[in-house]
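Welcome! Work through the exercises below with the structure in view, and try each task before you read its solution.

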Amino acid sequence: MNSFYKMDELKQMKFKQLGNNVLISKMARFYNVDKIIIGSNVRIDDFCILSGLITLGNNIHISAYSALFAGDEGIVIEDFSGISSRVTIYAITDDYSGKYLSNPTVPINYRNVIGGRVKLEKHVLIGSGSIVLPNVILREGSSFGAMSLINKSSEPWTINVGIPTNKIKDRDKNLLKLEEKYLLEKTDEDD
């Protein structure tokens, strides 16, 4: 039994845009699909939740039990990025200061929803169990170890860990040569 939707089933879901070679688990959940753009060569595994204004580029993997809560602020994930299992990305969140009530069962005039666009540039990797908070840009090639709390923008081509995250060293850029080779081979296959 195949646990992924067939392409014609995905087209019936009416995503804003849908690329080629997309594998989405039948156990993943989507809210506001008309606001979700999915590029080509994307895989979304079991028990993921994607909600709100989301743009996924090409060659992206979102592993099991991950959640993207974008609201109207938006989450953008660029090409060749990867989200490991149990990662949660928030472009919106309630104010936990105690000055307001919180959660969606309470009318909005009693709440203070905080938000800001989240962007993962090309080649960003986020390790298992990590949390990304609103209004951050994870710069090209930056990676984040498991169980990281990402509450600020990163520098490009760095390896980051911790609660909150800190840079521990630079990341190798050799993968850019592999990307170039892969894309050339792919172009040859398409011709």
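**Exercise 1. Is Glu155 buried, exposed or partly exposed, and which salt bridges involve this residue?**

Step 1. Glu155 has a relative accessible area of 47%. Buried means under 20%, exposed over 50%, and partly exposed in between (1.4 Å probe, protein chains only), so Glu155 is partly exposed.

Step 2. A salt bridge needs a side-chain nitrogen of Lys or Arg within 4 Å of a carboxyl oxygen of Asp or Glu. Lys167 pairs in this way with Glu155, and their closest N and O atoms are 4.0 Å apart.

Step 3. Now place the two partners: Lys167 is in strand 20 (residues 166–170), while Glu155 is in the loop between strand 18 (149–150) and strand 19 (158–161), twelve residues apart. Helices (H or I, at least four residues) and strands (E, at least two) are DSSP runs, numbered from the N terminus.

Step 4. Lys167 is partly exposed too, at 40% relative accessibility. Finally, salt bridges link Glu155, Lys167 and Asp170 in a network.

A note before you go on: this is a predicted model, in which local features need pLDDT of at least 70 and side-chain atom pairs count only at pLDDT 80 or more, while totals for chains, interfaces and linings use all residues. Residues are numbered from 1 along each chain as its sequence is written, and side-chain values use heavy atoms, with hydrogens and water left out.

**Exercise 2. Which residues form salt bridges with Glu121 and Lys122?**

Step 1. Recall the general idea: side chains of opposite charge can pair when their charged atoms come close.

Step 2. Glu121 pairs with Arg139, with 3.4 Å between the closest N and O atoms. Glu121 sits in the loop between strand 13 (118–120) and strand 14 (125–126), and Arg139 in the loop between strand 16 (137–138) and strand 17 (143–144). Glu121 is buried at 16% relative accessibility, whereas Arg139, at 31%, is partly exposed.

Step 3. Lys122 pairs with Glu179, and here the closest N and O atoms are 2.7 Å apart. This pair joins the loop between strand 13 and strand 14 to helix 2 (residues 175–190), across 57 residues. Lys122 is partly exposed at 25%, but Glu179 is buried at 11%.

Step 4. The count for the model comes to eight salt bridges.

**Exercise 3. Is His123 buried or exposed, and what does this residue touch?**

Step 1. Find His123 in the loop between strand 13 and strand 14.

Step 2. His123 has 5% relative accessibility, so this residue counts as buried.

Step 3. Look for contacts (heavy atoms within 4.5 Å). Not counting residues up to four places away in sequence, His123 touches residues including Phe80, Trp157, Arg171 and Glu179.

**Exercise 4. How many residues does the largest nonpolar core have, and which have the most contacts inside it?**

Step 1. A nonpolar core is a set of buried Ala, Val, Leu, Ile, Met, Phe, Trp, Tyr and Cys residues joined through side-chain atoms within 4.5 Å.

Step 2. The largest one has 34 residues, and Ile44, Leu50, Leu56, Ile89 and Ile126 have the most contacts inside it. Strand 8 gives the largest share of this core, four residues.

Step 3. Take Ile89 as an example: leaving aside neighbours within four places in sequence, its contacts include Phe69, Val118, Leu120 and Ile126.
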